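Please keep the sequence and the three-dimensional view at hand while reading.

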Amino acid sequence: MGAPSSADIARAARILRSGGLVAFPTETVYGLGADARNPAAVARIFAAKGRPQDHPVIVHVPDLGYLARWAREVPDTALALARAFWPGPLTLILKRASGVPDAVTGGQDTVGLRAPAHPVAQALLAAFVGEEGGHGFDSAGRRFDGVAAPSANKFGRISPTTAEHVRADLGGEVDMILDGGACEVGIESTIVDCSRGEPVLLRPGRITAADIARVAGVAPRAADREAPRAPGVLESHYAPRHPMRLIAAGDWERSLAAAARARAVLALRAQPPGDASLRWIVMPADPARYGHDLYASLHALDDCDCKVILVEAPPEGPGWEAVRDRLSRAAAKD
Ligand code: TXA
Ligand code: MG
């Protein structure tokens with residue numbers, strides 16, 4: 001399928017402006033978008049996903065010029081991070097500006113903001129903020145728009161990295177799906193809370209703690225009890241339908257032999273000769289490429305006729321944090 005045309009983008013922006021839902025590609029995963037200033041539209045996102053209403057959603061904005069419209073304080077660290085990594089796979093949590101609807105903050109005093117880099121997301125945001133009929137203005141009289149978008153999957157399920165994944169999971173419930181091909185990063189954005197002084201890493205992603213430290217001048221703290229509600233609170237996020245077991249490399253041979261019911265395997269090593277009925281996917285040894293392939297591979301294994309998905313745990317080394325985080329959450333359900 002070809003990239004969306006400018007007419008497709010214009011239609012998508014009009015759908016958003018009139019309160020509809022548009023699924024669109026970002027460099028991380030596909031988002032399920034609605035006008036962030038329209039609580040009824042945002043409520044439709046929650047209904048389509050089957051997601052609890054009190055969860056905050058990320059507001060997607062064209063660029064860092066929008067930071068001060070959605071946030072009442074933009075600490076130097078947040079500005080430095082946005083300058084370094086926007087547009088890109090980084091979400092900043094900041095104290096919300098007045099007028100930011102509870103629908104996107106989950107009633108909290110903070111708002112999550114991200115400027116995505118994907119050209120289709122950028123084109124959609126540009127067309128959306130340029131549409132007539134915007135209703136948000138900040139205290140300086142500037143337009144104050146954005147697209148609220150969680151990942152475009154049913155609540156608790158694997159995030160979509162292709163338009164086909166979105167169609168399979170939510171096809172009947174969105175007004176339009178923009179197809180931008182497979183997402184380059186493949187796992188959700190890094191989330192950094194800058195609303196409480198020192199930066200706190202709420203969700204690891206392609207941009208690592210070391211990347212944040214280099215720009216912020218301090219290593220981000222790990223999330224604690226005071227942290228705003230984030231996906232980490234829900235252990236079994238990003239889960240396939242089938243139970244999934246994460247196996248340490250040292251236990252692999254024994255677990256594989258014992259798991260007679262496992263018909264699906266995600267491993268770094270190749271399949272030994274023998275059982276042709278096993279569905280075996282060999283993952284890349286590079287963490288970025290592993291992340292790119294992760295959800296598409298889990299979707300493929302989940303669609304096959306298996307009882308259990310066995311996953312070989314990736315290494316502990318630097319760069320693997322985000323992949324390990326998503327795998328341990330996906331396995332937590334079992
Ligand atoms: O890569 C991504 O971040 C993708 C794409 C579409 O941008 N979006 C995404 O959205 O993963 P979602 O809703 O599936 O996960 C975002 C997480 C939520 O679980 C929520 O807890 C957290 O971000 N979040 C959003 N706003 C927040 C806030 N104000 N305070 C704390 N956490 C927030
Ligand atoms: Mg999600």
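Thr-162 is found in the loop between S6 and helix H7 (163-170). In this predicted model, Thr-162 has a relative accessible area of 21% and is therefore partly exposed, given that the buried class requires a value under 20%. Its C-alpha atom is separated by 31 Å from that of Ala-80, a residue 82 positions away along the chain.

Other positions extend this view of accessibility and of distance through the fold. Ala-3 belongs to the segment before helix H1 (6-17). With a relative accessibility of 67%, Ala-3 counts as exposed, because the exposed class begins over 50%. From Ala-3 to Ala-41, 38 residues apart along the chain, the C-alpha separation is 26 Å. Val-282 is part of strand S13 and, at 45% relative accessibility, counts as partly exposed. Between Val-282 and Leu-201 there are 30 Å in space, C-alpha to C-alpha, and the two are 81 residues apart in sequence.

Two aspartates provide examples from the buried class. Asp-302 lies in helix H10 (residues 287-303), and its relative accessible area is 3%, so Asp-302 is buried. The C-alpha atoms of Asp-302 and Ile-158 are separated by 9.8 Å, although these residues are 144 positions apart along the chain. Asp-211, located in helix H8 (residues 209-216), has a relative accessible area of 17% and is likewise classed as buried. The side chain of Asp-211 takes part in a polar contact of 2.5 Å with the side chain of Arg-214.

What surrounds ligand 1? The shell contains 25 residues, and those that come nearest are Thr-28, Arg-51, His-60, Ser-189 and Arg-203. Sorted by class, this shell consists of 12 nonpolar, 8 polar and 5 charged residues. Strand S3 (58-60) and strand S5 (110-114) each contribute at least two residues to the shell. S5 gives the most, with 4 residues.

Individual polar atoms can be followed from the protein to the ligand. In Thr-110, a polar side-chain atom lies 3.1 Å from a nitrogen atom of ligand 1. The side chain of Ser-151 has an N or O atom 3.0 Å from an oxygen atom of the ligand. For Ser-189, the distance from a polar side-chain atom to an oxygen atom of ligand 1 is 2.6 Å. How much of the accessible area of ligand 1 does the protein cover? On its own, ligand 1 has 670 Å² of accessible area, and the protein covers 98% of it.

Attention now turns to the aromatic side chains. The structure holds 3 aromatic pairs. One of them joins Trp-70 and Phe-144: their ring centres are 4.8 Å apart and their planes stand at 80 degrees, so the pair is edge-to-face. The arrangement links distant parts of the chain, since Trp-70 is in helix H3 (residues 67-70) and Phe-144 is in the loop between helix H6 (119-130) and strand S6 (147-148), 74 residues apart. Trp-70 and Phe-144 are both buried.

A further pair is formed by Trp-252 and Trp-280. The centres of these rings are 6.1 Å apart and the planes lie at 85 degrees, which means that this pair is edge-to-face. It too links distant parts of the chain: Trp-252 is in helix H9 (residues 252-258) and Trp-280 in strand S13 (residues 279-282), 28 residues apart. Both tryptophans, Trp-252 and Trp-280, are buried.

Arginine side chains are also placed against aromatic rings. Phe-144, already described as the partner of Trp-70, has Arg-37 over its face, at 4.3 Å from the ring centre. In a second case, the charged end of Arg-17 sits over the ring of Phe-128, 4.1 Å from the centre of that ring.

Most peptide bonds are trans. The bond from Trp-86 to Pro-87, however, is cis, with omega near -10 degrees. Pro-87 is situated in the loop between helix H4 (76-85) and strand S4 (90-95).

Conventions:
Residues numbered from 1 in each chain as written. Chains lettered and ligands numbered in written order. Predicted model: local features only at pLDDT ≥ 70, side-chain atom pairs only at ≥ 80, totals over all residues. Heavy atoms only, no water. Near = heavy atom within 4 Å. Polar contact = N/O pair within 3.5 Å; in protein donor to acceptor, adjacent residues only side chain to side chain. Areas by Shrake-Rupley, 256 points an atom, 1.4 Å probe, with all protein chains shown as cover. Nonpolar A, V, L, I, M, F, W, Y, C, P; charged D, E, K, R; others polar. Phe/Tyr/Trp six-rings, centres within 6.5 Å; stacked < 30°, edge-to-face > 60°. Buried < 20%, exposed > 50% of the residue type's maximum accessible area, 1.4 Å probe, protein only. Lys NZ or Arg CZ within 6 Å of the ring centre and 35° of its normal.
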